[in-house]
Structure formats: C-alpha cells, structure tokens
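I opened this entry to record, step by step, what I looked up in the structure and in what order.

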Amino acid sequence: MKFATLKNQTRDGCLVLVSRDLSRCAPVPDIAPTLQAALDHWDACQPALQAAYEQLNAGSLAGSRPFDPAACHSPLPRAYQWADGSAYLNHVQLVRKARNSQVPDSFFTDPLMYQGGSDSFIGPRDPIAVASEDWGIDMEAEIAVVTADVPMGASPQQAGAAIRLLMLVNDVSLRGLIPGELAKGFGFFQSKPASAFSPVALTPDELGEHWRDGKVHLPLLVDLNGQPFGRPNAGRDMTFSFPQLIAHAARTRQLAAGSIVGSGTVSNQQGGLHGSSIRHGGVGYCCIAEVRMYETIETGAPSTPFMRFGDQVRIRMAGPQGEDLFGVIEQTVVPYPGA
C-alpha cells in the first residue's frame, strides 16, 4: 500500500491512499483519519485499507481524485520518535579520514544514532528556511522506516517484523554548527533543523524483490540545482540493516507505533574524487559534506560550497521501469523570514 498526508487546517493532516502509479488518491476517514491513527490500530485497519487500496488501483474506489504531491505534508507531519542512524560506514570513515582520525572498532558492531526533533517536520515541497548561509547548509538523502510498537530489548528479528512503512528523507544539516555542538559532548540539536520526508510512504511489499535483508536495494537519486549529484544504491555498503538499527534504538526503551528510524546518509564505497562524482563515472554523493571530504583528502582543502539561498535539491527513488516509487522531495533553500 501507498499512503500520503494532505495538508489541511489540522496539525496531522488528512490521510489518503495513493495509487501504485501515484496518479490518484482517496481519503479513507471511515478507516483512519490520519496515518498515526492507522499505525496505532494497524491490525484492525490493515484489511480494510488493503481492500480500499486494491479498489483504488482498479479505478473503482469512490471519492478518488488526482494526486497532487505539492499538496502533501510529510506522511507523518509529526511523530513520537525520530531516531537517525549512520548505517553506511563509508560515510563515517570519510569524515574521520578527513580529520586524520581512525574509526573506532566499536563502530563496526554498534550503530551510531542520534535522536532528532520530531515535533514538526516540513513537507516534501516546502522550502528549507535558514537564517544564515554561513551555517553550512547541507542535504542528506536517506531511507527511513516507520515502526509498529517495538518492545524494549527487541531482537533484530522482532524489530524487522515491526516495520510498517518506508519513506525517503532529506535530513537537513547545518555543518557549520556541528563541530561546536559535538565539542560539548552532548550531540546534535541546533545543527539539525526540521527534516522532510517523501510525499509517499509505502509498505515494504510494494518494493518486491528490492526489499530484502532489511534493506532497500535500489539507487537513491539526488540532483542539486538540476544536475545529477548522487546515484548510490541504498542496499550496498549498508553495514547495519533496518532491523539492526531498530533493535539498537529499542535496547533500553520501548518504541511507540509511528516511530521513525533513519538509515543515515546513503553512501557507497568507490574510488577517489574523480572516480566518485557522476560526471567522472562514479555514483556520486547524497550530501555535500561527503564530496568535500574527498576534496580535503585528495587536495588538502574542500572546493565545493555548501548550499546557498536559491539552491534546489531533488531526491527520489525509481523502480525498474523508471517509475517514481515515493514521489519527489524537491526543496529550495530560502532565507528565514525575519532573520
């Protein structure tokens, strides 16, 4: 099944089912008015949602209308939990190498994870409003899962069974603020503004064979200012699967239905700078910081700037026939009003 949340006068929006080809949608208020309500009562709602979804795809569901991604909020406009991991150790290793430091052995067995702000996300077509370009504005293209209730101490097998939905993420980072925050030893806060998620959240079965081993085995497509920037495969070089990430998050606490767990920046191992960028035959990057790391390692200093006002990022994932699976995150960086 595929779901979206349309903006309305409420904080949590209106849940709609979205057809497999993303052409039509339909509200299902008699089943669940919001996505959180559906997740809270998934076992009771799922059969009726599935039946309505099949009708929608067959063109026989009453109340269907054209689907407009520009009218969407993030599928969960706010969530009880947003925990973002760092499953792609290539990304971590590059950061460390650029700083002339080693990756601790524990990083290969115990995932990195931070708790992000989840009280309000921004829509997939909403601007990225930032007070200053000097803060080092960066995108981070990722995959995320939405869970059912997960008990404390859940095994990876239990955690995998709790995965209800998949989404794409733009986890915006303010790189210029990160070093000062990390130096305090208490983690990210100001350096991680509101994230945006894809217009559509889908159940794992929609990906067929491309969802296996708790990973999405498809390229993540990132464009910056209309030019291809990243095409890494999300299933490759993912050290920790989503079941492992969820189990890590639930080691000392329960996770409530509707919790979101992110993969961290998708990153594939590849050659040097000229073998990594798309124009030189590589798969590119999902964040600007990564190409700046390559530049620092190879030339001694970064040359690619972070995002400026007016810059646009576009994030999507395509199926085997080139079809959009989640819809498109398309955001422009703008000055925060009143800053």
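**Cysteines**

I began with Cys287, whose sulfur lies 7.4 Å from the closest cysteine sulfur, that of Cys286, and this is too far for a bond, because a disulfide needs the two sulfur atoms within 2.5 Å. I note here that the model is a predicted one. Cys287 is also buried, with a relative accessible area of 0%. Cys45 accordingly takes part in no disulfide, and its nearest cysteine sulfur, in Cys14, is 14 Å away. I looked up the accessibility of Cys45 as well and found this residue buried, at a relative accessible area of 8%.

**Cores**

I then turned to the nonpolar cores, the largest of which holds 59 residues, with Ile143, Leu220 and Met317 having the most contacts inside it. Apart from this core lies another of 31 residues, and among its members I found Cys45, Tyr53, Leu56 and Ile260. For Ile143 I listed the residues touched beyond four places in sequence, including Met167, Leu168, Val216, Leu220, Phe242, Val261 and Met317.

**Strand β17**

I checked the pairing next: β17 runs antiparallel to β20 (residues 312-317), with five bridges joining them, and Leu221 has Arg316 of β20 as its bridge partner. With β18 (residues 227-230) the pairing is again antiparallel, over three bridges, and Val222 stands opposite Gly230. β17 and β18 form a hairpin with two residues between them, and Asn225 in the turn has a positive phi of about 55 degrees.

**Helix α8**

I looked up α8, residues 288-299, whose twelve residues reach 16 Å from the first C-alpha to the last, close to the 16 Å expected. Its buried residues are Ile288, Ala289, Glu290, Val291, Met293, Tyr294 and Glu295. Just after the helix, Gly300 takes a positive phi of about 95 degrees.

**Val28**

Last, I asked where Val28 lies, and found it in the loop between β3 (24-27) and α1 (35-40). Val28 is buried, with a relative accessible area of 7%, and, leaving aside neighbours within four places in sequence, is in contact with Leu15, Leu17, Leu49 and Ala52.

Key. Residues numbered from 1 in each chain as written. Predicted model: local features only at pLDDT ≥ 70, side-chain atom pairs only at ≥ 80, totals over all residues. Heavy atoms only, no water. Core = buried A, V, L, I, M, F, W, Y, C linked by side-chain atoms within 4.5 Å. Buried < 20%, exposed > 50% of the residue type's maximum accessible area, 1.4 Å probe, protein only. Contact = heavy atoms within 4.5 Å. Helix = DSSP H or I, 4+ residues; strand = E, 2+ residues; numbered from the N terminus. Expected span 1.5 Å × (residues − 1). Pairing = 2+ DSSP bridges.
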